[in-house]
Amino acid sequence: MKLDFITIFPEFFEPLRLSLIGKARDKSLIEIGVHDLREHATNVHKQVDDTPYGGGAGMVMMPEVWGKALDPIITKDSELIILTPAGKRFDQRMAEELSNSKHLIFACGRYEGIDDRVRQYYKGEGFRVREVSIGDYVLNGGEVAAMVMVEAIARLIPGVIGNPDSLTDESHNVEGFLEYPTFTKPQIWRGLAVPSVLLSGNHKEIADWRNNQASKLSQCE
Ligand code: 6GU
């Protein structure tokens with residue numbers, strides 16, 4: 001999978017060199033491109049935003065700059081993701097869907113967002129375009145939201161996680177399902193013991209206990 005990020009703060013994406021995503025890049029399971037939007041600015045001040053038509057507070061990102069950044073990288077295989085608090089809420093289902101894409105482009109808006117004609121234009125040209133939000137709160141820009149999405153999406157790509165069994169039994173695999181609590185050594189830590197059933201070696205009882213705990217957490221009983 002190819003992932004492109006368009007941003008005025010390319011440094012936000014440095015952490016994609018770390019951990020599982022860094023390793024997935026080394027293995028060429030994912031390829032990442034980070035593009036500085038300001039390189040496409042058209043005036044001497046490298047301006048990317050301007051005041052909103054109709055008035056009001058804040059600045060809006062100008063369509064021409066976005067057009068110049070997007071045209072060289074967008075193809076019929078691309079899914080253009082415009083990060084905005086007004087978008088559709090990101091969840092595990094959307095992560096699964098997007099993990100099957102060949103190419104994701106994350107358009108990271110700042111200020112009061114991107115001129116809506118950018119969305120209109122690429123949709124009108126037949127590209128897949130979606131506006132996505134990661135939750136009901138307002139961030140200063142889409143960069144951190146894009147990072148959250150990549151964390152959720154990349155781990156679903158075959159080969160990114162060493163042991164694919166880690167992907168079964170997870171929270172949110174089934175809508176609203178939350179995972180049971182987990183424990184490791186030592187058996188007693190600061191006076192707190194591991195539930196004895198987990199030490200019993202009885203696989204049926206362990207599975208029942210875990211299902212029971214998960215049901216309580218998921219409030220489905
Ligand atoms: Cl994607 N962007 C911004 N600016 N704020 C958000 C968001 C995105 N998702 C939730 N809040």
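**The ligand and its surroundings**

Trainee: Which residues are around the ligand?

Mentor: Bearing in mind that this is a predicted model, the residues around the ligand are Leu83, Thr84, Pro85, Val132, Ser133, Ile134, Gly135, Tyr137, Val138, Leu139, Gly141 and Ala145.

Trainee: OK, and which polar atoms lie by the nitrogen atoms of the ligand?

Mentor: There is a polar side-chain atom of Ser133 at 3.3 Å from a ligand nitrogen, and the backbone also takes part, with a polar backbone atom of Tyr137 lying 2.5 Å from a nitrogen atom of the ligand and a polar backbone atom of Leu139 lying 3.0 Å from a nitrogen atom of the ligand.

Trainee: How much of the ligand does the protein bury?

Mentor: The protein buries 97% of the 290 Å² that the ligand exposes when taken alone. As for its location, the ligand sits in the largest pocket.

Trainee: Which elements give two or more residues to that shell?

Mentor: Those elements are β5, spanning 78-89, and β7, spanning 128-133, and the largest share, 3 residues, comes from β5.

Trainee: Switching topic, how many salt bridges turn up in the whole structure?

Mentor: A search of the whole structure finds 14 salt bridges. One of them joins the side chains of Arg128 and Glu79, with 3.5 Å from N to O. Arg128 belongs to strand β7 and Glu79 to strand β5, so this pair ties together parts that are 49 residues apart in sequence.

Trainee: And why would side chains like those pair up at all?

Mentor: In general, side chains of opposite charge can pair when their charged atoms come close.

Trainee: Last topic, the backbone: where is there a cis peptide bond?

Mentor: A cis peptide bond joins Lys185 and Pro186, with omega at about 5°, and Pro186 is found in the loop between α5 (143-154) and β8 (188-189).

Trainee: What about Ser28, is its phi positive or negative?

Mentor: Ser28 has a positive phi of about 60°, although it is not a glycine, and Ser28 lies in the loop that runs between α1 (19-26) and β2 (31-36).

Notes: Residues numbered from 1 in each chain as written. Predicted model: local features only at pLDDT ≥ 70, side-chain atom pairs only at ≥ 80, totals over all residues. Heavy atoms only, no water. Near = heavy atom within 4 Å. Polar contact = N/O pair within 3.5 Å; in protein donor to acceptor, adjacent residues only side chain to side chain. Areas by Shrake-Rupley, 256 points an atom, 1.4 Å probe, with all protein chains shown as cover. 1 Å grid on protein atoms, 1.4 Å probe; cavity = no way out; pocket = protein on both sides within 12 Å on 5 of 7 lines; lining within 4 Å. Sits in = over half its atoms within 2 Å of the grid points. Helix = DSSP H or I, 4+ residues; strand = E, 2+ residues; numbered from the N terminus. Salt bridge = Lys/Arg side-chain N within 4 Å of Asp/Glu carboxyl O.
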